[in-house]
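Subject: Structure for your review

Dear colleague,

Please find the structure below, followed by an account of what was found in it. I would be grateful if you would read the two side by side.

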Amino acid sequence: MHTSYSDGALSPYELVKKAKSVGLSIISITDHDSVSALDEAQEISKEFAIEIIPGTELSATLNGAEIHILGYFMDFHNKLFLDFLAESRGERLKRAERIVNKLNQMNIPLKMESVLANTTGDSVGRPHIANALVNEGHAQSYHQAFSKYIGNGRPAFEKKAECSPEEIVRIINQAGGLSFLAHPGHSVSDTLLFQTIKAGVDGIEVVHPSHTPDLVRYYRGIVNEYCLLESGGSDFHGGQKGDEHLLGSIGIPVSTVDIMRRRLFSN
Ligand code: AMP
Ligand code: ZN
């Protein structure tokens, strides 16, 4: 799940409270390139008697395409890991500036200050640019901002800085965490999937809102065949983008989390 530290709508407190209210006993917060919510969230978790697995969602480039890799169970105070995240967030900022420049060249006078005014945390992403475009009257809706300007392949699109999946797996593993290819059903070809397995991921996110029951069966089969771990979740962003119903209805059983813990224990 994502908090306001990246592109989620809820603060760590609001998210943990909401997760508890729908009956969840374990959650993971996986902000993009950020673990800034985790100290606060773990403190709050005591009040709500809910377990929070430290997480993050990182971006890798493979054959020119972007894939996402989730890290779970890291020591989120690990210096190398924190340095890597800080560098990634710096690259996000530079990329947002490149997108704003492209928009300006298209005679859309969006300023970087407006983008930053739409962020609530430390990780800038296209959702913040989309919100700025809407709030400044340059797009009629959040989705139109993507389809007209900043979506993949659209005129103001800019790629992120390149980072190999091997590097991301290594940085997660050295911090004591497990790495998972995120939502492969969300435009990840089988070629990329198998290359990511070769890159050394510990598992695959089998359960995700974008996966049909057939896809869940397909990815579960691959996980079993390659002796990988399974993960899953709601990818909840706070309810603002129509994902309210996902919280508490899409996830994995505690027994699947226990299998992850056993793998960690044997590492
Ligand atoms: P970023 O990490 O900055 O590339 O932003 C990626 C996020 O932007 C995704 O997680 C989605 O929430 C959102 N996004 C990407 N493409 C679209 C789209 N076509 N329509 C709506 N949201 C999108
Ligand atoms: Zn993702």
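Arg 92 is buried, with a relative accessible area of 7%; buried means under 20% relative accessible area, exposed means over 50%, and partly exposed lies in between, with a 1.4 Å probe and protein chains only. This is a predicted model, in which local features need pLDDT of at least 70 and side-chain atom pairs count only at pLDDT 80 or more, while totals for chains, interfaces and linings use all residues. Residues are numbered from 1 along each chain as its sequence is written, chains are lettered from A and ligands numbered from 1 in the order in which they are written, and side-chain values use heavy atoms, with hydrogens and water left out.

Salt bridges

Arg 92 forms a salt bridge with Asp 33, at 2.6 Å from N to O. The term salt bridge stands for a side-chain nitrogen of Lys or Arg within 4 Å of a carboxyl oxygen of Asp or Glu. Asp 33 lies in the loop between β1 (26-29) and α2 (38-48) and Arg 92 in helix α3 (residues 79-105), so the pair ties together parts that are 59 residues apart in sequence. Helices (H or I, at least four residues) and strands (E, at least two) are DSSP runs, numbered from the N terminus. Asp 33 is buried as well, with a relative accessible area of 3%. Side chains of opposite charge can pair when their charged atoms come close.

How many salt bridges are there by this rule? The count comes to 13. One of them joins Lys 18 to Glu 244, whose closest N and O atoms are 2.8 Å apart. Lys 18 belongs to helix α1 (residues 12-21) and Glu 244 to the loop between β6 (229-232) and α10 (254-266), so this pair ties together parts that are 226 residues apart in sequence. Lys 18 is partly exposed at 27% relative accessible area, and Glu 244 is partly exposed at 41%.

Another salt bridge links Lys 46 and Glu 43, with 3.2 Å between the closest N and O atoms. Both residues lie in helix α2, three residues apart, about one turn of the helix. Lys 46 is exposed, with a relative accessible area of 60%, and Glu 43 counts as exposed at 51%. Elsewhere, Glu 51, Asp 258 and Arg 261 are joined into one network by salt bridges that share partners.

Ligand 1

An oxygen atom of ligand 1 lies 2.8 Å from a polar side-chain atom of Arg 95. A polar backbone atom of Arg 126 is 2.8 Å from an oxygen atom of the ligand, and an N or O atom in the side chain of Lys 160 is 2.9 Å from an oxygen atom of ligand 1. The protein covers 73% of the 500 Å² of accessible area that ligand 1 has on its own, by the Shrake-Rupley method with a 1.4 Å probe.

Yours sincerely

Key
Polar contact = N/O pair within 3.5 Å; in protein donor to acceptor, adjacent residues only side chain to side chain.
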